[in-house]
Amino acid sequence: MTPPPAGRAALPGSLAADPWRSHAARIVAIRDEAPGVRGYDLELCDSAVREAYRFRPGQFNMLLLPGIGEAAISIASDPDAPHRLTHTVRAVGNVTDALARRCEGDEILLRGPFGTPWPLGALEGGDVIVVAGGLGLASQRAAILTLARQRNAYRRVVVLAGAKAPAGLLYAGEDAAWRAAGIEVERVVESADAGWRGAVGLVTDLVARLGDGRRAGVLCCGPDGMMRAVAAAAAGVGIGPERVWVSMERPMSCAVGQCGLCQFGPFFVCLDGPVFRYDRVARLLEIPGL
Amino acid sequence: MGPPTDTAAPLELGPAGLDRLVCILAETHRVIGPTVADGAVVLREIASAAELPVGWIDEQEGGRYRLHADASAGPFDHVVGPFSLKNFLFPPRETVALLERGAEGWRSRPPEGAPRALAVVGVRGCDLAALAIQDRVFLGSGHVDPAYQARRRDLILVAVDCRRAAPTCFCHSTGSGPAACDAGAGRVADLTLVDLGPGPAGSAAEDLGIEPSAARRFACRAGTLRGAAILGRLRAEGLAGSLAPADSELSAAVPRATAARLAARGPGERHLDTEGLRDLLFDRLDHPRWDDVAARCLACTNCTLVCPTCFCASVTEIPALDAERVERERRWESCFSLDHSRMHGRAVRHSTAARYRQWLTHKLAGWIDQFGVSGCTGCGRCITWCPVGIDLTAEVAALRAPPPASEGGRA
């Protein structure tokens, strides 16, 4: 078998042999995270599969609801506890709508993990700025939990999370724990409500106020336009496009570069991404309808 | 497939030998060959050489395919039709996983039943090149498609050197024909046939002055040990014999004469300039030509369906009536459909311009990044089967012209 090209993650053995093989997983907990958004904690049913399962921050699983379909969803839990896999999902299509009707104790199927991880190792010794728009934070939570555990390996660690409204801020209840671990957390909303005491504006404003970014790397996830704006703001504080990483989203069917649906310019988002170094995709993101 | 043993001398095969060859293949394999159906030469299961399209010749142009009766046409004088090896190795519909609900809940397992091994007769250089490209997609990226792998392992290929080229052919530009061996080293067919008989007007046989009265005979060369074993059996049965030196020379001259016809095409005739094409296309993503071609393109998906290398697919869930069992069926998808790029209820590539751009830049540029080779083998099917005759060689030529400075393209 040919090894994967540079920059791509090798698939776990069972997936390399049959990428279509899914495994049963029980929903052990469901939480409301935001309007229309729930967190699902999954536990693989087969103990051998569960013990062998490992993932890296930024990777995703294909969640399969028999008879309904599959959806690519980031893994939002701590990679150090891979026996319990959290997926934070917005009900926005037939698969995720059906998932929203499932209960604790129900079984679904999953295969994974797939895709490139956030480059945490490459950022050791420097500042890490995590910038999230809305649900984008779900793809970064695994990285934040890892940074919290390995806090001493980095200088500043900053989480800048934005949402349209306060109710859309994910994992707001975890700010205290993240801060206790030495992470600076700033939340911002585009439009406040009566109870909001925090900042109003865009995450890009927070990026622009970061200060000297020459030893920083940015991990960004959000809508395409937001990621372009964040990269521009990062450049303004000295963080070049080769120090910014973005996580892309495209439709996906196979997750192993064989269905062609997730193409983005010359890339397969499933194999070459979802995490891309920004300079590799900056120009492509400027072109509508690519 | 065994190691290539291309040094074996070709043998002569008469009409009875060709028929026997099909029978021998059918002993162990499902034999697929060209045959006339629905007004075209298609690839289908055949039981004997009598089903080959003897007496039929195709006429192809952009947006046009016609089949004419022609008494001078041999079994392989036609040029490729709408089918390719893709239809069989990567079928339009295929179950990729079975889900079953048992006492322990839902379980996923591979589809049941080994597919019957395939032997394909009459494969051209362009389609051998396409097969090598599909191998990279389904076997070469660090993971394998198990069903493709099984079909590929058992596949027997009987190739044919082309004696004719349609006006839509441009394998001379992509280095994948007209000889079967032009598809490249390591892509050797088990057996390769060269028709030494008379041919219709416009064929290499005409150029080579082959007597119209000559009986239909073939030079047959083994490229693998498996092919050599089949050829040895034909010889033992008295249906394959030594090739006269003059015929041996002729068998090499036939594809050369076809290549010379292609090479002799003048400017404006079909040719794809591949020099620097990858970088050029990625530099021209906002060229106004995308809007121009979109005004003609119907986004009908024909080009992607007939393309021997297009591999886009999506999976449809097929639940049984009792909902205790679900087949996950992979179906061909096309970048010309809105569903191909649908995300959160809207299509990323909403305009036809964006979808044509996706197809062409993927085929001729992105493919090189993804698989190390272009996705085009010069077979010309996308030109013939486009209902409005859009010609990718002409589109590439237009894209090579710098965009007018004043006009910004939009897709």
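This is a predicted model: local features need pLDDT of at least 70, side-chain atom pairs count only at pLDDT 80 or more; totals for chains, interfaces and linings use all residues.
Residues are numbered from 1 along each chain as its sequence is written, chains are lettered from A and ligands numbered from 1 in the order in which they are written, and side-chain values use heavy atoms, with hydrogens and water left out.

Chain B holds 14 helices and 16 strands, where helices (H or I, at least four residues) and strands (E, at least two) are DSSP runs numbered from the N terminus. The radius of gyration of chain B is 22 Å, close to the 22 Å that the globule rule gives for 411 residues, so chain B is as compact as a globular protein of that length; this radius is taken over C-alpha atoms, and the rule is 2.2 Å times the number of residues to the power 0.38. Taken along the principal axes, the C-alpha atoms of chain B fill a box of roughly 70 × 65 × 35 Å. Of the 411 residues of this chain, 56% count as buried, a term for a relative accessible area under 20%, with exposed meaning over 50% and partly exposed in between (1.4 Å probe, protein chains only). Among contacts (heavy atoms within 4.5 Å) in chain B between residues at least 6 apart in sequence, 74% join residues at least 24 apart.

Eight strands of chain B form an open sheet in the order 3-2-8-9-10-11-1-12, with mixed pairing; two strands are said to pair if DSSP finds at least two bridges between them. The edges of this sheet are strand 3 (40-45) and strand 12 (240-242) of chain B, each of which pairs on one side only. On average, neighbouring strands of the sheet are turned by 30° against each other, direction ignored, the axes being lines fitted to C-alpha atoms, for helices over the stretch in contact, with angles that run from 0 to 180 degrees between N-to-C directions. Within the order given above, strand 8 (residues 118-123) and strand 9 (residues 156-160) of chain B run parallel and are joined by four bridges, and Val121(B) has Val158(B) in strand 9 as its bridge partner.

A further open sheet of chain B consists of four strands in the order 7-6-14-13, with antiparallel pairing. Strand 6 (residues 93-102) of chain B is joined to strand 7 by five bridges, and the bridge partner of Leu98(B) in strand 7 is Arg109(B).

The domain assignment of chain A, which is automatic or drawn from a database, gives domain 1 (13-114) and domain 2 (121-285). The centres of these two domains of chain A, taken over C-alpha atoms, are separated by 22 Å, and their contact takes 25 residues from domain 1 and 21 residues from domain 2.

In chain A, strand 1 (residues 23-34) pairs with strand 2 (residues 37-44) in the antiparallel sense over eight bridges, and Ile30(A) stands opposite Tyr40(A) in strand 2. These two strands of chain A form a hairpin with two residues between them, and Gly36(A) in the turn has a positive phi of about 80°. Strand 1 of chain A also pairs with strand 6 in the antiparallel sense, over four bridges, with Arg26(A) opposite Glu107(A). Pro113(A) lies in strand 6 (residues 107-114) of chain A and is buried, with a relative accessible area of 6%.
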